[in-house]
Amino acid sequence: MRGLEKKRGQACLGVALGGGTARGFAHIGVLRVLERSGTPPDMLAGNSFGAIIAALYALGVHAEELEYRVRQQNVAELWLLALDFGLHKASLINGQRLEHWLDRKLFFGATFADTEIPLAISCTDVDSGELVVLREGSLARAVRASCALPGIFTTVNIAGRNLIDGGFITPVPVAPLTDMGASAILGVHAGIEVDKARFVSWAQRFYASNFGRWLQDRMLSNSFKSAWGTLAKGLARAAASYSRVIAYPPEVMSVSVVPPIAWWDFHKSPRAIAAGEAAMSAALPALLAQLAEAQWQAAD
């Protein structure tokens, strides 16, 4: 793995990609700028839509090919062949067929062991509320777990833990990169702008009220073993995330991309990619300076 072959005296760049659904196409633009500058990631972490981009890139699918692949996907085919009924599991979509579609169309049966650079995919344990970092097994299954929104997709059981979208704990998963040995870390956020999202503002006010806090506590403490009990916990985890401020350790450099598209505008991916390029180009001098400092420290 290239990310593990850095010689002493060389900085190791870790890049964390957050979610954002269609807005997450901005990550491709960020990666393109890093490639052109000669500083591609040595390791990656991702959650939700960022997990898809991170997994493909870690497999050796670089920015130009990434854009081609995602733009070639037939959204109508996705709706027809990859989405299955999930109401019997307290969700609109089961997700099993989506996992198979991802495996067949994007990952071709690949596992974490097949990646060219180290990769981590973050999820949330719906029962404990803990961050779960996946680094082995099927990429399609890990990505499905990291994209599982309560009520939309069913939870994914991996190693006895019921997992949902990792963004509920950490919108941009920078922590795994520290554990993986990165000497410089870049976090990329392309999700919703919380201060401008009316639904999020309403949810924040509701769950800050006495009744909202009581309801959230009841949902989290329910002892039902059914899918509906798990759904209640998942919705409570999601609600708690609305009041969580995105915070980075001081040593982490962050780039916030504001793509001019909605989360469902998959057909407008070029706009999101261009926004990612612009944001990363503006931040590149600071990142290069951070890498130079990290390399100097590594050589010391």
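Does Glu277 count as buried or exposed, and at what relative accessibility? Glu277 counts as buried, at 18% relative accessibility, where buried means under 20% relative accessible area, exposed over 50% and partly exposed in between, with a 1.4 Å probe and protein chains only.

## Basis of the description

This is a predicted model, in which local features need pLDDT of at least 70 and side-chain atom pairs count only at pLDDT 80 or more, while totals for chains, interfaces and linings use all residues. Residues are numbered from 1 along each chain as its sequence is written, and side-chain values use heavy atoms, with hydrogens and water left out.

## The chain as a whole

The secondary structure comes to eleven helices and eight strands; these are DSSP runs numbered from the N terminus, with helices (H or I) of at least four residues and strands (E) of at least two. Of the 300 residues of the chain, 53% count as buried.

Among contacts with a separation of 6 or more, 73% are between residues 24 or more positions apart, a contact being heavy atoms within 4.5 Å. The chain exposes about 14100 Å², of which carbon and sulfur atoms supply 57%; accessible areas come from the Shrake-Rupley method with a 1.4 Å probe, and for residues only the protein chains shown count as cover.

## Salt bridges around Glu277

A salt bridge is a side-chain nitrogen of Lys or Arg within 4 Å of a carboxyl oxygen of Asp or Glu, and by this rule the count comes to eleven. One of them joins Arg32 to Glu277, with the closest N and O atoms 2.8 Å apart. Arg32 lies in helix 1 (residues 26–36) and Glu277 in helix 11 (residues 269–299), so this pair ties together parts that are 245 residues apart in sequence. Both Arg32 and Glu277 are buried.

Glu277 also forms a salt bridge with Arg36, where the closest N and O atoms are 3.2 Å apart. Because Arg36 lies in helix 1 and Glu277 in helix 11, the pair ties together parts that are 241 residues apart in sequence. Arg36, at 60% relative accessibility, counts as exposed.

## Helix 5 and its partner

Another salt bridge links Arg144 with Glu99, the closest N and O atoms being 2.7 Å apart. Arg144 lies in helix 6 (residues 139–146) and Glu99 in helix 5, so the pair ties together parts that are 45 residues apart in sequence. Arg144 is buried, and so is Glu99.

In helix 5 (residues 96–107), the buried residues include Leu98, Glu99, Trp101, Leu102, Leu106 and Phe107. They cover an arc of only 160 degrees around the axis, which puts them on the same side of helix 5; the arc is that of the directions from the helix axis to the C-beta atoms. Just after helix 5, Phe108 takes a positive phi of about 50 degrees.

Strand 3 (residues 119–125) and strand 4 run antiparallel and are joined by four bridges, two strands being paired if DSSP finds at least two bridges between them. Cys123 has Val132 in strand 4 as its bridge partner. The two strands form a hairpin with five residues between them, and Gly129 in the turn has a positive phi of about 80 degrees.

Strand 4 (residues 131–134) has a covered face, made of Val132 and Leu134, and an uncovered one, made of Leu131 and Val133.
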